[in-house]
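Student: I would like to learn how to read a few features of a structure. Can we take them one at a time, with the general idea before the case?

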Amino acid sequence: MRLRTALIACAATIALVSAPMSTATRAAGLTLSGATRVQQDARGLAWTGFWSHQGSASASGDSRAYSRTSGSSVTFAFTGTAVSVVAERGPKWGRMSVEIDGVRRTTVDLYSSTTRRGAGVYKITGLPSARHTIKLTATGLKNSKSTSSRINVDAFDVVGASTRVKSAALYEQADGRLFWDGPWRTYTSSWYSGDSLRTATGSAAEMVAEFNGDSVALVGPRGPAYGRAEVFVDGKSQGIVSAYGPASVTRRVLWARGGLADGRHTLVVRVLGKRDSASKGTTFGVDVIEVGGSMTQSWRRAEETDTRITHAGSWTHSSNSSMSGGKYSHTTSAGGVVRVRFKGSAFRVVAPRGRSYGQIEVTCDGKSSIVSLYSSSLRVRQRVFTLGGLDAADTHEVEVRSLGTKAGSARWHTATIDAIDVRGTFSQAPDVSPFIALEEDASQIALSPSWRLARDSSASHGRIATSTSKGQTAKVRFNGTAVRLVAPKTPSSGKARIVVDGETAATVDLYSGTKENRRVVWSRSGLADAEHSVTVEALGTRNSESSGSSISIDGFHVTGDLEEPARPTDFHRIQQSDSRVIRSGYWKTTSTSAASGGSHSTSRDARGIATFKFKGTQVAWIGSRDTSYGRAHVYLDGRLVATVDNHNYATEHARVLWRAVGLSDTTHTLRIHVDDDLATGSSYWVPIDSIEIVGEPEQTTLRADQTDYHIGWSGTWSTLSRSGAYGGTVRRATRAANGTVTFVGSRVLLFSEVGPAAGKAKIAVDGGSPVTVDLYRAQRAPNTRIFEKSGLPNGSHTVVISYTGTRNPSSSSNAINVDAVATGGVLTGSTPAAKARDTIIKTAIDQLGKPYIWAADGPDSFDCSGLTMYCYAKAGMSLPHYSGAQWDLCSPKSISMSQMIPGDLAFSSRPSYIHHVGLYIGKDPITGRRMTINAPSSGRNVEYRDLDTYGCFGRIASSRWPK
């Protein structure tokens, strides 16, 4: 009834704002006696182009309108005999043209060297007593002395009565066709049109009005405590609107736009939470929307807790006043589902974005899209996904699914949802059972030998499985009622057969002219709640438009419980603690029930290598993914075959990190080498849980030169350079002497130089009866195996080789030589000093990535000498906190680079100018580079550095090492 009454009033002649004109505001010669003043923000004026209506205590009625846009105009209609225009003159104003009843009369120059407010700038008298119009238009021109071409309008004085220029449809803020987003509040008062007003104070409130017409105006209150909003038409900003005014007034035109193409338009008013400097607040109010046409239906919203929205999975509903409706839903679990059903032409998903938010999958009528919720800062009530162009007569089903994945720089993978908007009407969504998201590398999926696991950043968890061979299968078994196949569609994909419980269920064509990621390419629901098997088989055929016949899978979604697939009879899982998995460098073993075998090992050591030998056709590396995990290089039979990134949004244990199938049934060597990312100084961990093979494991051995500091030497030994020796040198004893090797493993081999001048040695394992070994040979033979012991229990062992002073009668010498040692495990320190060096190196590796702070000595930050002091202290050795003083403790000083032993110190840049120190940790086993760890300088972190960038080298005096 109010709207109908308002429309009738629009067509009538009305006095919009009437007040006796103050003589103080009249300009001589341009004022009208006995006139009535009509303010520029009165309703009933017709505005075209872009105008700003700005509150000002110096203006008549406390506000004026201005435009910077050439062609912007305002038309005022009245019934009377005279009219004058009131505006401000000054240095910043331009020129406007004046038309009376459609005839151009003059151009008014608003420039003045001084500001003159409330002045009459044009008048016309002697008009017939009838209806007339006056139109003012911005010309875009200005006086050469003016600083701007903009124009302003303050008021009109009329002898007679003003009338509405044209009828406009009025829509109160309570009209259901307006869409409100954010913390708006409604006030009831007879001061406002329709007896109510809607206001917002913060920066997260929006109003949307969609209409068919050629003009639109925003009506609301002005006052000392009102702030600003930004106005958009059809997505384009129209500028900032201020509702500030020195006095409180209601039902004012705050902004107007005319001259639009007569058609469908969208008006958005976005409250900014900002104010003019003179204002006392940031509140912005909306009272009425005036449309030169008719309003159309806008969006309808259902909050995430609406009963018409169904949920499945572990969603949490949290209160938050910044969210739509004061609540939102979130989950960190993959597979959580929200489902909506509606009849209409479009929908959109509303959710917050932030640094800890991951990815969601939005599916409408079976077609899916991946949406990232990541943002570098928290942004609430974001329209994260919109889909239009749907058949308005059809009913559509929308599903929002948590993927448990993240993108870009996101720190976590939380999925969120705040509301669903539809252009149409909601209906009750059906219940949905939660799916278990099963990745293609899960152990519950049985892949035939020719599948290849590969990285694909657009795939779920960044990986897919691909087969190029006809007849290859991927099978999953489960107890439940529904299953879906997720796969990419590409221009080079072929066809696959889907077999359910032994019967062909479908043939799926995975071809698409453009790549489509994470598509649900096939699904089956309504199965009996029992055990089922689903097999995907590569047919080796393709669509005539496809360029290939390969197929890929990204995973399965199933309801119910999963079952482990049947394993081949020669399938073996070898735990990382098994002596046949040889780990060199520094590895840390952690107990966790989530890992296979109850523990896993991790390393971020530049020398960290795990080596495994087997005879068979298939091998897989099982491990964990986590936010603190990084990359490793995988070598198979000496060839680099993959670089695996184990960084992930959350901790996942017992995952297939890499797999090779279809190998020749021969002996293979797998080597996993930690990538410490020397270029960036990163220090991410690399995990090993177990190795899975189809075949049989074999024993691996690692060889170390006699110069390795883990080997302990007592008595008198000399070092000789010998051609053909393993490291170019051998250790020789010609009198009482012992060499001691300690290791973890099940096998040990000793190598020596034999020849016509070699005597006999005794070798004892774990304190048992010694074995006498004769090193005499008629011909010299370097690097010869002289002793082997295998089948030892998996654990720590000690081997001692001793000088006997005896020889073969044919030999010319009693001397014995030691060249190298090989073990089926890892060497450990055999002396207190060697154990101290191990502790120092392991401690240094643990500090990688911590910040440099001058004078800091740990445990959270370091300077260069503070780091070396801290590492040595962990081994029970005291060093001063000054690089020069640490140099003074070295004896010998200025040793050669080739003489450096892990744990020694490297200094910059010469003995007379010591200003930096680093800790030598040994050779990189792949590149051969000699590496240090150091705390470099302010703004950087503890990192690796090449040894050859230092100028001098030293070893802490032997008297300070533990004995």
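Student: Which strands each supply at least two residues of the lining of the largest cavity?

Tutor: This is a predicted model. In it, β33 (436–439) and β44 (555–558) each give at least two residues to that lining. The largest cavity has a volume of about 120 Å³ and 15 lining residues, with Leu 403, Ala 437, Glu 439, Ser 460 and His 557 nearest its centre.

Student: How do the residues of that lining divide by class?

Tutor: Six are nonpolar, five polar and four charged.

Student: How much space lies in the second largest cavity, and what classes line it?

Tutor: The second largest cavity holds about 70 Å³. Its lining has 10 nonpolar residues, two polar ones and no charged ones. Among the lining residues are Ile 711, Trp 713, Leu 750 and Val 818. The largest share, four residues, is from β61.

Student: Next, helices. Why is α3 described as largely enclosed?

Tutor: Start with the cut-off: a residue is buried when its relative accessible area is under 20%. Helix α3 spans residues 864–874, and nine of its 11 residues are buried, so the rest of the structure largely encloses it. The buried ones include Cys 864, Leu 867, Met 869 and Tyr 872.

Student: Now charges. How many salt bridges does a search of the whole structure find?

Tutor: The general idea is that side chains of opposite charge can pair when their charged atoms come close. The search finds 36 salt bridges. In one of them, the closest N and O atoms of Arg 301 and Asp 181 are 2.7 Å apart. Arg 301 is in strand β22 (residues 300–303) and Asp 181 in strand β12 (residues 179–181), 120 residues apart. Both Arg 301 and Asp 181 are buried.

Student: Which salt bridge ties together parts that are 200 residues apart in sequence?

Tutor: Arg 381 and Asp 181 form a salt bridge at 3.2 Å, N to O. Arg 381 lies in strand β29 (residues 379–387) and Asp 181 in β12, so this pair ties together parts 200 residues apart in sequence. Arg 381 is buried, as is Asp 181.

Terms used. Residues are numbered from 1 along each chain as its sequence is written. This is a predicted model: local features need pLDDT of at least 70, side-chain atom pairs count only at pLDDT 80 or more; totals for chains, interfaces and linings use all residues. Side-chain values use heavy atoms; hydrogens and water are left out. On a 1 Å grid over the protein atoms alone, a cavity is a set of points where a 1.4 Å probe fits but cannot get out, and a pocket is an open set with protein on both sides within 12 Å along at least five of seven lines; lining residues have an atom within 4 Å of a point. Grid points are joined across faces, edges and corners, and a volume is the space filled by probe spheres set on the points. Ala, Val, Leu, Ile, Met, Phe, Trp, Tyr, Cys and Pro count as nonpolar, Asp, Glu, Lys and Arg as charged, and the others, Gly among them, as polar. Buried means under 20% relative accessible area, exposed over 50%, partly exposed in between (1.4 Å probe, protein chains only). A salt bridge is a side-chain nitrogen of Lys or Arg within 4 Å of a carboxyl oxygen of Asp or Glu.
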